[in-house]
Amino acid sequence: MNPLRFVAAPLLLTVALTGTAAAQPRTVELVATDNMKFSATTIEARPGETLRIVVQASGQMPKIAMAHNFVLLQPGTDPASFANEGAMHRGTDFVAPALAGRVIAKTPMAGAGETAEVTLTAPGPGSYPFVCTFPGHVVAGMTGTLVVR
């Protein structure tokens with residue numbers, strides 16, 4: 001009997017399980033209600049970390065009148081100006097096509113009882129604004145910051 005077999009098998013299993021665990025994204029759940037606020041306004045991450053952002057829309061209003069999304073923006077983007085420019089663009093989830101290059105990642109809109117998600121790799125160190133682009137939501141305070149360090 002080869003004694004290396006007893007050492008190698010557990011070692012390979014440990015490496016395989018560690019590799020699998022490291023590849024799994026960290027899930028961040030954001031609850032969004034009719035009060036037009038995210039349940040968390042700060043998300044912290046490490047550069048290169050994989051995040052799965054899940055927006056859970058709860059509320060009573062129909063989707064046409066109240067929906068929510070998560071849009072992560074480039075640093076230096078003014079959330080209010082970005083949202084104002086997109087207000088007439090329902091077909092692109094209220095993101096103005098001319099400003100689409102300012103978006104790092106986004107979910108589709110989710111109405112009451114729905115979820116929407118996006119998986120992204122955290123960019124380099126810095127502060128990145130995130131918003132809900134449904135008209136009026138940024139003005140009501142539906143914004144936050146992804147802090148990468």
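This is a predicted model: local features need pLDDT of at least 70, side-chain atom pairs count only at pLDDT 80 or more; totals for chains, interfaces and linings use all residues.
Residues are classed as buried under 20% relative accessible area, exposed over 50%, and partly exposed in between (1.4 Å probe, protein chains only). Residues are numbered from 1 along each chain as its sequence is written, and side-chain values use heavy atoms, with hydrogens and water left out.

Helices (H or I, at least four residues) and strands (E, at least two) are DSSP runs, numbered from the N terminus. Two strands are taken as paired if DSSP finds at least two bridges between them. An open sheet is formed by five strands in the order E2-E8-E7-E4-E5, with mixed pairing. Its edge strands are E2 and E5 (103-106), and each pairs on one side only. From one strand to the next, the twist averages 25°. Axes here are lines fitted to C-alpha atoms, for helices over the stretch in contact, and angles run from 0 to 180 degrees between N-to-C directions.

Strand E8 (residues 143-148) runs parallel to E2 (residues 42-45), and four bridges join the two. Thr42 has Thr145 as its bridge partner in E8. Ile43 is partnered by Leu146. Strand E7 (residues 126-131) runs antiparallel to E8 and is joined to E8 by six bridges. Here Ser127 stands opposite Val147. Helix H2 (residues 79-86) lies across E4 (71-73), E5, E7 and E8, at about 125° to E4.

A nonpolar core is defined as a set of buried Ala, Val, Leu, Ile, Met, Phe, Trp, Tyr and Cys residues joined through side-chain atoms within 4.5 Å. The largest such core has 25 residues, of which Leu30, Ile43, Leu51, Ile53, Phe70, Leu120 and Leu146 touch the most other members. At least two residues of this core come from each of E1 (26-32), E2, E3 (50-57), E6, E7 and E8. A second, separate core holds eight residues, including Val71, Leu73, Phe82 and Val138.

Contact means heavy atoms within 4.5 Å. Beyond its neighbours within four places in sequence, Leu51 is in contact with residues including Val28, Ile43, Val118, Leu120 and Leu146. Ala116 belongs to strand E6 (residues 115-121). Ala116 is buried, at 6% relative accessible area. With neighbours within four places in sequence set aside, Ala116 is in contact with Ile53, Val54, Val55, Thr107, Pro108 and Ala110. His68 is 48 residues from Ala116 along the chain, with 8.8 Å between the C-alpha atoms.

A salt bridge is a side-chain nitrogen of Lys or Arg within 4 Å of a carboxyl oxygen of Asp or Glu. The structure holds six. One of them joins Arg149 and Glu44 (3.3 Å, N to O). Arg149 lies in the segment after E8 and Glu44 in E2, 105 residues apart. Arg149 is exposed at 62%, whereas Glu44 is partly exposed at 47%.

Arg52 and Glu117 also form a salt bridge (2.9 Å, N to O). Arg52 is in E3 and Glu117 in E6, so this pair ties together parts 65 residues apart in sequence. Arg52 is partly exposed at 27%, and Glu117 is partly exposed at 41%. A further salt bridge joins Lys63 and Glu114 (3.1 Å, N to O). Lys63 sits in the loop between E3 and E4, and Glu114 in the loop between E5 and E6, 51 residues apart.
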